[in-house]
Amino acid sequence: MDNQKTKALHRALAKTVVFTGALTTLFSCAAQDKTASKTEAEPTGTVLTLTHLKKGFEQTLYYQSDDYSYKDTQANSTKTSEPESRTYNDTHGDHTLEARTYSDTHGNDTLEARTYSDTHGNDTLEARTYSDTHGNDTLEVTPSEKSHSYEDTQAINLQINEYEGISLTNRLGKTQFIEGSFALAHAEVITSENKQWVSLVVFNNNTQHIEVYRLSVDTLDEQQRLSQPTKGSEALCAATSASGTPHIVNVDATGTLNQYELHNDQFLRLRNFAIGPGIKSCSVDLNAQNIYLADEFAGVWKIDAHIESELEKTLIFHDADTPVEGVSTVSNNILHSNSSLVGWVSPDKSGVWLQNQCHSEFITLQHDLKENAEPIKPEFLHLSISSRGKEPGFSLIVDDDASGNFYAAELPIELSAAYFNGGCLANKNATVASKNDETEKHAMAAVFPSAETQPVQNYGDAADDPAIWVNALAPSQSRIVGTDKKGALNTYDLSGKQHQSLAVGRVNNVDVGYKVAVNSVNTGGHKKFTDIAVASNRTHNSLSVFDIDKDGNLAHLGEIKTTLSDIYGMCLYVDDGIAHVFANDTSGRFERYKLLINENKVVEGKLSQSFSLLSQPEGCVVDIHTNTAYFGEEAAGIWALDISSIDNTPTFIAAITPPVEADIEGLALFTVDEQKYLIASSQGNNSYAIYGINKQDAGQLTFLGLIRITADVNNRIDGVSETDGLEATNANLGGVYSEGLWVVQDGRNVMPSETQNFKLVSGATLKEAIRRLANNTRELNN
């Protein structure tokens, strides 16, 4: 059971059935985020009176002290048990909740139990009869007079003082004090694999390090302390990931946003990027995958927390006269919804802005001092879910910049209800729309990369297109040839280590050809042959030609001028020792050249064909066995051309339709179980479209589904996003690549953030993914 589910179960034991029922409608609302475009919430006239927290910032953490269950271990029998009656102490007052729970452990057998909860008042509630069915057998459990009382839900009180340190106390009387000067980013009791611990994420002002503490819930003893050096911290926040580990965001003193996640007890750098000055605080919501930033100069920003996402900021609040300094969010982690409540504060406004997808408003905050209402100047905000009686609600903690005091308040029941349900009730059965909703309706297979190349030298959109040169004499010594389109052609071995970098200009796409004839005759009367690589060169508007020796080393032979206006993509094929190159420009025009290499390895190109597509193409690949070339028109789809005659023209064979998203840039061929497939980059959703090629008609494609390359955290290799070029081979390259190799360009190279590179996926992994998609397609068609 994962952390979120365990916490939901614990809450169900300590809160009312009405509470649980109310949570089922939390944040259900219409698909469109109507409040995101609002710059200022309308005042509601609501005024919250604050309570002074005399000991400074305080937070209560809850955990389960014990787990009682009854197990029926006799199959095919009837059993009557006398369970114990257990009393659970409600942690929100002196009230008592009685509940009897029973569990059964028979594989797929089902235990039905009615759980009733009474929390506040003098009412008594008993659980009466439970039924368990094992085939035709019945287990009946009847309450007895036997009783055992204990505190099921324990509380830990956390206090933090910037100058004194962190103090924790639990109900067993255990204490822990961490001396120093800290800023708290996140505190939570984490449950994973039947274990619980207190997780603290703080910034140590004395060392300028991020520190993560792991403490025992029962003894509060320190079990682990991890530390990460930083360049300071302007804003630090954290949340618990699905794996039960902290996901940490730090905006450092250089204006760089850094994302980390703990893995194998180490800080794993996910990504970093410049965010600029003015960020005063942050909050991260991993359920909705959003990071919120309080920017004193601009307002409140929202950023996608996915590390493979495009770096875009959305301004969800702006008021030129209101410097926002504090932001906090509460996610609906019980229902795993994409909705959340986000709030922010400004020292210039004695109040708080609250917003979810369906409701938004400004609420006035004031502190009553000797019956005189006093405004506050908040710079800090902490939101959380609370429970009062039978209804869920929200509580908040703010500071006062003038006095340095902390204050707390709970939203009135009717106002909390507005954020749980209000404004969305008419659409309470609607689901939140996702960019990938259409994608998820289709077959999807996820694979891990097996290796990655060293990053290219140049920054920005630099790496573009790979090719694979298969070493016929030593397959394990094969090479990946990749373009750095800002200035070089590079080669890598199968481990990703760079071997060459040839500064020949802005080469965009590259392809290789085998056994290309050299126009001379040796003493034995046989022609000479060589392997070549050809790249489209935007510096010279030409085709750069390279010789490849037996060890995979490239030597620049020369340039073939083209008549294209702005050369872009290319691919080649070899027929009877002659290399033929298709090259295109950004206008959609294609030219086919025949390459000739003389005895001195001087290259010459002869134009043999010209044609045009309607808009910008790039990727292409040729199947010499069917005499078919496939061209990708980036914003439209895929074309096919019969290359057996220079008089033929391309035919449009596959339009870009959901779940495939533009741009179509990379194309490659790959064979699985004697069936040939076309792989196309679906750049808009960081995926790869798989098309089956009809064996009788190479121009007929059948879409099977999408493949995504996801992060292999154990080996510190990130996933792949926004792919331009790709290549695949079925050749046996030995080792992990004995069933072939697939290489793709990675548009956002993260974990950590570096310049772009290329990712390698084993042919065996690719085959298995395609088989899954093919089987899914067959099942749907049957």
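**Exercise 1. An aromatic cluster**

Which residues form one aromatic cluster together with Phe590? Describe the ring pair of Phe590 and Phe631 as well.

*Solution.* Keep in mind that you are looking at a predicted model.

Step 1: Start with the members. Tyr573, Phe582, Phe590, Phe611 and Phe631 make up one aromatic cluster. In total, 17 aromatic pairs are counted.

Step 2: Look at the geometry. A pair of aromatic rings is described by the distance of the centres and the angle of the planes. For Phe590 and Phe631, the ring centres lie 4.5 Å apart and the planes meet at 45 degrees, so this pair is tilted.

Step 3: Phe590 belongs to strand β45 (residues 589-597) and Phe631 to strand β48 (residues 628-633), so the pair ties together parts that are 41 residues apart in sequence.

Step 4: Check the burial. Phe590 is buried, at a relative accessible area of 0%, and Phe631 is buried, also at 0%.

**Exercise 2. Another ring pair**

Classify the pair of Phe380 and Phe406: is it stacked, edge-to-face or tilted?

*Solution.* Step 1: Begin with the count, which comes to 17 aromatic pairs. In this one, the ring centres of Phe380 and Phe406 are 5.8 Å apart and the planes stand at 80 degrees.

Step 1: Apply the cut-off. Planes over 60 degrees apart count as edge-to-face. With 80 degrees, the pair of Phe380 and Phe406 is therefore edge-to-face.

Step 2: Find the positions. Phe380 sits in the loop between β29 (372-375) and β30 (381-388), while Phe406 is in strand β32 (residues 406-410), so parts 26 residues apart in sequence are tied together.

Step 3: Phe380 has a relative accessible area of 27% and is partly exposed.

**Exercise 3. Two disulfides**

Where in the chain do the disulfides lie, and what is their handedness?

*Solution.* Step 1: Recall what to look for. A disulfide is a covalent bond between the sulfur atoms of two cysteines. The count here is two.

Step 1: Take the pair Cys237 and Cys282, joined with an S to S distance of 2.2 Å. The angle about their S-S bond is -120 degrees, and the link is left-handed. Cys237 lies in strand β17 (residues 235-240) and Cys282 in strand β21 (residues 279-285), so parts 45 residues apart in sequence are tied together. Both Cys237 and Cys282 are buried.

Step 2: Turn to Cys571 and Cys620, whose sulfur atoms are 2.1 Å apart. The torsion about their S-S bond is about -120 degrees, so this disulfide is left-handed. Cys571 is in strand β43 (residues 567-575) and Cys620 in strand β47 (residues 617-623), so the pair ties together parts that are 49 residues apart in sequence.

Step 3: Finish with burial. Cys571 is buried at a relative accessible area of 1%, and Cys620 is buried at 8%.

**Exercise 4. Salt bridges**

*Solution.* Step 1: Get the total, which is 16 salt bridges.

Step 1: Under 20% counts as buried. Glu211, at 3% relative accessibility, is therefore buried, whereas Arg225, at 43%, is partly exposed.

Step 2: Asp464 is in strand β35 (residues 463-469), and Lys485 is in the loop between β36 (479-484) and β37 (488-492), 21 residues apart. Both Asp464 and Lys485 are buried.

Step 3: Lys676 lies in strand β52 (residues 675-682) and Asp623 in strand β47, so parts 53 residues apart in sequence are tied together. Lys676 is partly exposed at 22%, and Asp623 is buried at 4%.

**Exercise 5. The whole chain**

How many helices and strands does the chain have, and what share of residues is buried?

*Solution.* Step 1: The chain has five helices and 57 strands.

Step 1: Of its 782 residues, 54% are buried.

Terms used: Residues numbered from 1 in each chain as written. Predicted model: local features only at pLDDT ≥ 70, side-chain atom pairs only at ≥ 80, totals over all residues. Heavy atoms only, no water. Disulfide = S-S within 2.5 Å. Helix = DSSP H or I, 4+ residues; strand = E, 2+ residues; numbered from the N terminus. Buried < 20%, exposed > 50% of the residue type's maximum accessible area, 1.4 Å probe, protein only. Salt bridge = Lys/Arg side-chain N within 4 Å of Asp/Glu carboxyl O. Phe/Tyr/Trp six-rings, centres within 6.5 Å; stacked < 30°, edge-to-face > 60°.
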